[in-house]
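Colleague: Could you walk me through this model? I would like to begin with the ligand and then move on to some other topics.

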Amino acid sequence: MNNSREKFSGRISLIAAFAGSAIGLGNIWRFPYMVGENGGAAFIVVYILCSLLVALPVFFTESLLGRNSGKGLVSTMNTFFGGKTRKVMSVIILTAPILITSFYSVVGGWSLDFFVRACMGEFCDISKEEAVQFFGKYSTSVTEPIISHFLFLLVSIAIVSRGIKKGIEKFNNITVPILFLLILLFIFYSSSLPGAQEGVKYLLKPDFGKITPGVLASAMGQSFFSLSLGVGTVMVYSSYMKKSENILEAGSYTVFFDTCFAILASFAIIPAVFSAGIELNAGPSLVFETLPYIFTSFKTVSPFLSYVIPVIFFLSILGAAITSEISLLEVIVDYLVEEKGLSRKKASVICFTVCLLIGIVCSLSFGPLSGIQIAGKNIFGFFDSISSNLFMILCSLIFALLVGWKMDRKTVWNELTNEGRGKKSVKIYPVLYFWIRYIVPVMLVIIFITNIFN
Ligand code: PHE
């Protein structure tokens with residue numbers, strides 16, 4: 001084991017790092033929409049079940065692999081595979097982090113740009129048509145989104161290049177609590193809007209009639225994306241985890257904070273959408289068209305709030321995007337350091353350049369390159385879809401099979417129970433081990449096949 005590897009200072013830093021990676025755009029622009037569309041509280045219940053029964057055990061396996069090897073994604077996999085399989089495996093497991101880092105950074109760039117515009121008061125007085133038009137023009141243009149993508153990536157890689165303690169840990173320790181504070185401020189504001197109570201009521205009333213197998217599959221997909229599974233971020237962060245930490249505890253806290261944030265985001269966004277009496281939508285249009293308009297449409301009530309609210313909103317999106325982006329970048333930088341023998345600085349430069357170039361292609365796929373369609377999607381959508389629906393699930397399956405079937409049982413036991421010292425983990429270990437060996441792989445195969453046919 002490589003003992004010279006940096007470690008997170010303590011439990012709080014470790015959990016802030018996992019939570020920072022997990023809390024991201026997915027919590028803000030996908031989860032609230034899914035809740036709104038699929039039966040309010042009923043969807044939240046289903047989502048929590050998916051997280052606890054499938055995603056959390058996968059989190060344990062990925063975390064276990066990283067902590068045990070004390071290495072990053074590719075190096076850990078290399079301890080299991082040799083020859084040609086090793087090469088194929090490296091390509092499979094590196095595809096998702098590289099693609100996600102690149103397209104995530106394009107959206108991160110948009111948030112940076114919108115944050116700056118909010119600070120300059122550009123959203124204080126904007127009509128719905130103007131908001132839609134503005135985003136349409138902005139996202140399809142060439143220069144501005146690329147410059148923002150460049151700057152967002154630059155800020156993120158600068159944090160990563162400083163290393164674990166001085167860079168990633170410091171940033172997450174400050175940002176993650178602030179994110180919770182901002183979202184609470186937001187709930188406070190949106191629940192005070194006229195008519196918002198209807199939205200709150202909607203969220204609290206479960207409609208189980210809306211839960212179909214399709215909804216179940218999307219809840220599952222969302223829980224994987226939200227917890228950043230199958231991409232190596234959990235593995236690489238776990239390799240910086242002290243042996244005294246308990247994997248089950250760290251994973252459970254991560255699910256707790258990530259789910260809380262997603263639910264809080266729903267209580268911030270849905271009542272506001274109800275109050276404005278417009279249709280809820282998902283993805284970029286929710287964050288960059290609908291919300292700026294809603295939050296500023298109350299300027300008659302308070303001109304001050306119509307300035308401050310968009311600032312807070314885009315700041316929280318920006319913070320959430322950076323804490324996720326740095327975890328993705330760390331997977332790639334760590335690979336270049338560990339496997340290619342580069343210094344952290346050099347690795348950061350290479351990683352930055354590759355993600356910048358792929359990101360530029362993703363950014364242009366909304367404008368000049370929108371004619372290029374793969375499986376009915378533009379390049380951005382295609383990268384998003386194959387990484388979230390296929391690679392994340394496939395890699396999670398590989399991790400679960402390695403832990404359940406290939407790893408020495410004693411090692412699994414030692415890692416999950418801290419060599420028998422973790423009383424609670426010792427108790428649940430037999431059920432958990434059975435679950436990881438039999439149930440999780442079957443579920444992942446079902447999700448994978450369903451996604452291929454979708
Ligand atoms: N979990 C992040 C989100 O919800 C996205 C992400 C996926 C981050 C994979 C890292 C790895 O937005």
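Modeller: Gladly, and please keep in mind that this is a predicted model. There are 15 residues around the ligand, and the ones that come nearest are Gly24, Leu25, Gly26, Ser228 and Ser324. Two or more residues of that shell are given by each of helix H1 (11-22), helix H2 (25-37), helix H10 (213-226) and helix H14 (303-340).

Colleague: How many nonpolar, polar and charged residues are in that shell?

Modeller: The shell around the ligand has 6 nonpolar and 9 polar residues, and no charged residues.

Colleague: Let's stay with H2 then. Which residues of H2 are buried?

Modeller: H2 is mostly covered, with 12 of its 13 residues buried. They are Leu25, Gly26, Asn27, Ile28, Trp29, Arg30, Phe31, Pro32, Tyr33, Met34, Val35 and Gly36, and of these Leu25 and Gly26 are also among the residues that come nearest to the ligand.

Colleague: Where in H2 does the kink lie?

Modeller: The kink lies at Phe31, shortly before the proline Pro32, and amounts to about 30 degrees. As for the span, 13 residues at 1.5 Å a residue should give 18 Å, and the end C-alpha atoms of H2 are 18 Å apart, so the two values agree. Just after H2 comes Gly39, which takes a positive phi of about 90 degrees.

Colleague: Now H13. What is the kink like there?

Modeller: In H13 a kink of about 40 degrees lies at Thr290, shortly before the proline Pro292. H13 covers residues 284-296, and its 13 residues should span 18 Å at 1.5 Å a residue, which agrees with the 18 Å between its end C-alpha atoms.

Colleague: And what do the buried residues of H13 pack against?

Modeller: They pack against H2, helix H5 (83-119), helix H6 (128-140), helix H12 (247-276) and H14. In H13 as a whole, 10 of the 13 residues are buried, including Phe288, Glu289, Tyr293 and Phe295.

Colleague: Changing topic, which residues touch the most others in the largest nonpolar core?

Modeller: That core has 141 residues, and Ala55, Cys351 and Met392 touch the most other members. If residues up to four places away in sequence are not counted, Ala55 touches Cys50, Ser223, Phe224, Leu227 and Leu229.

Colleague: I also wanted to ask about Ser156. Why does Ser156 count as buried?

Modeller: Ser156 has 28 other C-beta atoms within 10 Å, and because 20 or more are enough, Ser156 is buried. Ser156 is found in helix H7 (residues 143-161), and leaving aside its neighbours within four places in sequence, Ser156 is in contact with Ile322, Glu325, Ile326 and Leu329.

Colleague: Let's go to the loops. What is the phi of Ala375?

Modeller: Ala375 has a positive phi of about 50 degrees, although it is not a glycine. Most residues other than glycine have a negative phi. Ala375 lies in the loop between helix H15 (344-364) and helix H16 (379-406), and with 8 other C-beta atoms within 10 Å, Ala375 is exposed.

Colleague: Which residues is Ile372 in contact with?

Modeller: Leaving aside neighbours within four places in sequence, Ile372 is in contact with Ser365, Asn378 and Ile379. Ile372 is also placed in the loop between H15 and H16, and with 13 C-beta neighbours inside 10 Å, Ile372 counts as partly exposed. The C-alpha atoms of Ile372 and Phe256 are separated by 40 Å, and the two residues are 116 residues apart along the chain.

Colleague: Which residues of H17 are buried?

Modeller: In H17, Val412, Glu415, Leu416 and Thr417 are buried, and the buried residues of H17 pack against helix H3 (41-69), H12, H16 and H18.

How values were computed:
Residues are numbered from 1 along each chain as its sequence is written. This is a predicted model: local features need pLDDT of at least 70, side-chain atom pairs count only at pLDDT 80 or more; totals for chains, interfaces and linings use all residues. A residue is near a molecule or strand if its C-beta atom, placed from the backbone, lies within 6 Å of it. Helices (H or I, at least four residues) and strands (E, at least two) are DSSP runs, numbered from the N terminus. Ala, Val, Leu, Ile, Met, Phe, Trp, Tyr, Cys and Pro count as nonpolar, Asp, Glu, Lys and Arg as charged, and the others, Gly among them, as polar. A nonpolar core is a set of buried Ala, Val, Leu, Ile, Met, Phe, Trp, Tyr and Cys residues joined through C-beta atoms within 7 Å. Two residues are in contact if their C-beta atoms, placed from the backbone, lie within 7 Å. The expected span of a helix is 1.5 Å times one less than its number of residues. The bend at a residue is the angle between axes fitted to the seven residues ending there and the seven starting there.
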